[in-house]
Amino acid sequence: MYPKEFQESIKKIETTRQARMVQKIPLLSLTDRTALLEAYHPDYKKGTMREILIGVNKGDKTPHEFANLFEAYSHIEANNFTVPSPKLQTDVLIIGGGGAGVAAAILAKKAKANVFLVTKLRIADANTTMAQGGIQAADKENDSPAIHYLDVVGGGGYKNIPELVNALVSDGPEIIRWLEELGVIFDKAPEGTMLSIHGGGTSRKRMHPCRDYTGAEIMRCLKDEFLDQSNRPDAGKIKYLEYTGALDLLTDADGKCVGAILVNMENGEIFTVKAKTTILATGGAGQLHIQGFPTSNHYGATADGLVLGYRAGAKLTFLDTIQYHPTGVAYPEQILGQLITEKVRGVGAQLVNIDGERFIYELETRDIVASAIIREIQDRKKGIATAQAGGVWLDTPLIEIVSGPGTILKQLPAMYRQFIKFGIDMTKEPVLTYPTQHYQNGGVLCNDQGETNVPGLFVAGEVSGGVHGRNRLMGNSLLDILVFGRRAGKNAAEQALKIANVSDGSLEHVKKYHRELEQAGVAKERKAPMLLPDYRPKEFQGKFSFLSHLK
Ligand SMILES: Cc1cc2nc3c(=O)[nH]c(=O)nc-3n(C[C@H](O)[C@H](O)[C@H](O)COP(=O)(O)OP(=O)(O)OC[C@H]3O[C@@H](n4cnc5c(N)ncnc54)[C@H](O)[C@@H]3O)c2cc1C
């Protein structure tokens with residue numbers, strides 16, 4: 001139920017609907033895009049970033065929230081700590097049990113490697129399961145990987161790393177075939193053709209949805225395959241451990257990554273796993289709440305992989321750009337920042353201000369739409385006031401007016417449930433929206449096989465950076481995690497199988513990093529990785545019990 005003030009504004013929206021239905025809003029010119037971003041996108045807000053004090057990216061600008069994690073000590077007092085002998089040895093160690101990690105495990109096992117996967121929550125308790133709108137791939141007759149490539153770099157501000165974009169778009173059609181083989185039920189027309197829609201910044205309809213729970217459907221099948229493969233006694237094997245967090249990587253005398261130091265988050269046991277190759281697949285950083293934004297992300301999105309990789313010497317890239325999804329929930333407060341998928345705009349909902357006026361073409365890229373919403377509220381004062389930052393309307397009833405009654409329940413059932421729980425029927429009333437911290441455009445730099453500059457260390461998925469440039473398009477992350485999850489899994493396995501043995505590894509790189517922190521005057525109290533966000537009241541915050549025995 002909306003309060004009375006909101007209902008007044010909704011009445012205005014209803015009066016402008018007919019005229020808006022035929023209104024065409026042109027795409028912005030490059031000059032106007034740049035001006036809008038520079039004036040309103042949070043990445044450009046003064047005082048929100050600083051130069052990193054130490055490490056391979058020393059001097060690069062990044063949000064304070066990231067810098068606080070890089071300028072932090074390990075939970076392990078490396079100078080007074082004896083690294084335990086490995087509890088387990090494996091060919092490939094994978095850290096993270098979302099889409100990228102699980103895809104990597106399946107391919108590494110296929111290549112006949114022994115795989116050990118650890119994840120700090122449960123397998124699939126991850127952003128991948130939360131993905132809603134769809135996955136991009138150029139598999140239609142009027143489309144091609146080359147056209148997809150142009151859209152990706154257009155969306156990324158022409159800054160993307162070409163080698164990575166090439167891998168992304170080239171593997172796209174094969175990924176869709178693979179997912180179908182695994183059992184993913186994509187939306188199809190009655191005669192069996194795959195349905196596809198537009199997302200922001202796409203010149204072709206290439207978004208393949210599974211209603212509005214695409215990630216859950218994809219993760220369901222990946223997890224099934226992963227569990228099935230972990231029960232098969234083939235040449236390669238998969239073992240896994242849940243509620244196990246990575247605290248640091250282990251390196252040998254040459255700086256090669258040879259495994260990780262882990263914590264059992266149920267009983268606090270610290271142990272090590274020795275690995276010939278290691279893949280970081282730890283996902284994103286939404287729980288950092290950069291600039292105080294709410295987030296659409298899951299509980300474990302705390303940027304741990306960036307910290308682990310960085311301490312071991314991995315180069316990071318595009319650290320100064322965060323994706324704020326334009327349409328987070330602005331009301332009701334209980335679900336503040338949860339996502340209203342771009343698919344809602346893809347199937348026809350319009351963005352309107354308090355007076356029922358449109359102010360931007362809805363399928364501009366996300367950075368542009370988010371900036372336009374912020375301008376509408378902060379500068380033009382045409383937003384709807386809330387207890388937080390305010391909001392603008394997404395006119396969802398329009399979807400049913402244009403495409404017929406029942407369209408929302410059929411195409412957006414998860415969105416419908418998200419709001420109806422609070423008495424808001426999006427088939428009849430618009431929903432209120434404001435940008436939310438959604439995605440980490442940057443991350444660990446890698447090549448098109450997922451290899452980083454640290455020998456033996458691979459990355460896949462949202463923890464990596466470069467493929468999306470300064471702004472990811474909708475549907476390209478689900479594609480990214482599978483393209484690079486598979487590539488990293490296969491290549492990490494092939495590399496591992498060529499190596500006879502690696503040493504047990506040490507925390508020498510951590511000791512060196514600590515010395516640099518001390519020289520830079522960083523206070524000892526700051527620790528990373530975060531592992532879990534601490535939402536307890538301030539008086540109760542402190543170490544989690546599974547870390548309490550560490551100095
Ligand atoms: C609400 C929402 C909707 C989205 N919709 C779409 C969409 O429609 N299309 C699209 O393409 N993309 C979408 N995305 C983005 C996409 O889902 C993610 O970018 C992608 O799934 C990330 O996959 P990943 O495997 O890299 O990370 P995740 O799936 O987040 O998995 C990371 C895993 O690593 C574990 N982990 C983290 N740190 C550690 C540690 N220290 N030790 C051990 N384990 C650790 C985590 O617990 C987690 O299990 C959406 C995201 C959200 C949040």
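Two strands count as paired if DSSP finds at least two bridges between them. Helices (H or I, at least four residues) and strands (E, at least two) are DSSP runs, numbered from the N terminus.

Some notes on this one. It is a predicted model: local features need pLDDT of at least 70, side-chain atom pairs count only at pLDDT 80 or more, and totals for chains, interfaces and linings use all residues. Residue numbers start from 1 along each chain as its sequence is written.

1. Strand 8 and strand 9 make a hairpin with five residues between them. In the turn, Gly255 has a positive phi of about 85°. The two strands run antiparallel and are joined by seven bridges; Gly245 has Val263 in strand 9 as its bridge partner.

2. **On to strand 10.** Strand 9 (residues 257-264) also pairs with strand 10 (residues 270-280), antiparallel again, over five bridges. Here Gly259 stands opposite Lys274 in strand 10. This is another hairpin with five residues between its strands, and Gly268 in the turn has a positive phi of about 80°.

3. **How covered is strand 9?** Seven of its eight residues are buried, so the strand is mostly covered (buried means 20 or more other C-beta atoms within 10 Å of a residue's own, with C-beta atoms placed from the backbone).

4. The order is 12-15-14-13 in an open sheet, with antiparallel pairing. Strand 12 (322-329) and strand 13 (350-352) are the edges, each pairing on one side only. On average, neighbouring strands are turned by 45° against each other, direction ignored.

5. Strand 13 and strand 14 (residues 392-395) are antiparallel and joined by three bridges. Gln350 stands opposite Asp395, and Val352 stands opposite Trp393. Strand 14 pairs with strand 15 in the antiparallel sense over three bridges, with Val392 opposite Thr433 in strand 15.

6. **Helix 4 against helix 8.** Helix 4 (residues 99-110) and helix 8 (residues 214-230) pack at about 35°, their axes 10 Å apart. Axes here are lines fitted to C-alpha atoms, for helices over the stretch in contact, and angles run from 0 to 180 degrees between N-to-C directions. The crossing is left-handed, meaning that the near helix is turned anticlockwise from the far one by less than a right angle.

7. **Who touches whom there.** From helix 4 come Gly99, Val102, Ala103, Ala105, Ile106 and Lys109; they meet Ile218, Met219, Leu222, Lys223, Glu225, Phe226 and Gln229 of helix 8. Contact means C-beta atoms, placed from the backbone, within 7 Å. By class, the contact has eight nonpolar, two polar and three charged residues. In this scheme Ala, Val, Leu, Ile, Met, Phe, Trp, Tyr, Cys and Pro are nonpolar, Asp, Glu, Lys and Arg are charged, and the others, Gly among them, are polar.

8. **The ligand shell.** There are 46 residues around the ligand, and the nearest are Gly96, Gly98, Gly283, Gly300 and Gly461 (near means a C-beta atom, placed from the backbone, within 6 Å). Two or more residues each come from helix 4, helix 5 (127-130), helix 8, strand 8 (244-251) and helix 15 (476-497). Helix 15 gives the largest share, four residues. The shell has 18 nonpolar, 24 polar and four charged residues.

Definitions and conventions. Two residues are in contact if their C-beta atoms, placed from the backbone, lie within 7 Å. A residue is buried if 20 or more other C-beta atoms lie within 10 Å of its own, exposed if 12 or fewer, and partly exposed in between; C-beta atoms are placed from the backbone.
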